[in-house]
Amino acid sequence: MNVYDFDKTIFPSDCSIGFFIWCMNRHPKLWFTFAPKVIKNIILNKMGKIPEYLLQREFFGYLMLIDDFDEQIERYWDKNEKKIASWYLAQKKDDDLIISASPACVIGPIATRLGVNFIATEYNREYGVFLNNLMYAQEKAQYIIDHGFPMIDNFYSDSLSDTPIALCAEKAYLVTKKASTVIDWPELDEKTLNEVHRKVDTGWSYHIDE
């Protein structure tokens, strides 16, 4: 089984942010009623006032405000499906697994179009809460282990934060340059490990039972 991160791995950008901008442009009043809150939370996060998981939960709140969500998400992927990396399409298999921190309601439609399985952050659009742990860093590896998935043959990601799951694979690859270049996963020397710890220890890992 081959496992792939999605954003900036097989898709050149962050689809949650892309869909956010898509929705803001089609519901312009949200630029004035919702976007300022996002900017405020980003500033508070940079200042260490709110953790990353809370920033993401509040950001995903835009999904509650899109009354034509089902129509818009399909239109978004109608336009952006063509951006899926050509190297991925050339090697795609039916048992591929996409695992992403982006919301399942955003990832699900494109995974269905690709005909592959997916795991993503479950976000309740009615109540604005996470229904599972944010699928980031060690949470991805923990999910794979807890649910007894088959051995990972190859793993692909754009971020060293995914080192925990990369270590679960027989072979891991780092994807760079907006999902266009695939290289071997870096050796875990002291410098690289320090970068891994910096990326993992950002407060993203959040347990819903806390």
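This is a predicted model: local features need pLDDT of at least 70, side-chain atom pairs count only at pLDDT 80 or more; totals for chains, interfaces and linings use all residues.
Figure 1. Asp-78 itself is exposed, because its relative accessible area is 54% and the cut-off for exposed is over 50%.

Figure 2. Glu-81 belongs to the loop between α5 and α6, while Arg-113 belongs to helix α7, so the pair ties together parts 32 residues apart in sequence. Glu-81 counts as partly exposed, at 29% relative accessibility. Through shared partners, salt bridges join Glu-74, Asp-78, Glu-81 and Arg-113 into one network.

**Figure 3. The Glu-58 and Lys-37 pair.** Six salt bridges are found in a search of the whole structure. Distant parts of the chain are linked here: Glu-58 is in helix α4 (residues 52–59) and Lys-37 is in helix α3 (residues 35–46), 21 residues apart. Glu-58 counts as partly exposed at 23% relative accessibility. Lys-37 is partly exposed too, with a relative accessible area of 40%.

**Figure 4. A nonpolar patch on the surface.** Four residues make up this patch: Ile-17, Ile-21, Trp-31 and Phe-32. Together they have about 420 Å² of accessible area. Helices α1 (15–26) and α2 (30–33) each supply at least two of the patch residues. Phe-32 lies in helix α2. This side chain belongs to a residue that counts as exposed, because its relative accessibility is 69% and exposed means over 50%.

**Figure 5. The largest nonpolar core.** This core holds 42 residues. Phe-6, Phe-19, Tyr-62, Leu-63, Trp-77 and Tyr-88 touch the most other members. At least two core residues come from each of α1, α5 (69–80), α6 (86–91), α7 (104–114) and β7 (169–176). Helix α7 gives the most, with seven residues.

Figure 6. Leaving out residues up to four places away in sequence, Tyr-62 touches Ser-16, Phe-19, Phe-20, Cys-23, Met-24 and Phe-34. A second core of 15 residues is separate, and its members include Met-1, Leu-97, Ile-144 and Ala-172.

**Figure 7. The whole protein chain, for context.** The chain has ten helices and eight strands. Of its 210 residues, 49% count as buried. The accessible surface comes to about 10700 Å², and carbon and sulfur atoms account for 53% of that area. Contacts between residues at least 6 apart in sequence were also examined: 64% of them join residues at least 24 apart.

How values were computed
Residues are numbered from 1 along each chain as its sequence is written. Side-chain values use heavy atoms; hydrogens and water are left out. Patches are made of residues with over 30% relative accessible area and no salt bridge: like charges are joined within 9 Å, nonpolar side chains (Val, Leu, Ile, Met, Phe, Trp, Tyr) within 5 Å. Accessible areas come from the Shrake-Rupley method with a 1.4 Å probe; for residues, only the protein chains shown count as cover. A salt bridge is a side-chain nitrogen of Lys or Arg within 4 Å of a carboxyl oxygen of Asp or Glu. Helices (H or I, at least four residues) and strands (E, at least two) are DSSP runs, numbered from the N terminus. Buried means under 20% relative accessible area, exposed over 50%, partly exposed in between (1.4 Å probe, protein chains only). A nonpolar core is a set of buried Ala, Val, Leu, Ile, Met, Phe, Trp, Tyr and Cys residues joined through side-chain atoms within 4.5 Å. Contact means heavy atoms within 4.5 Å.
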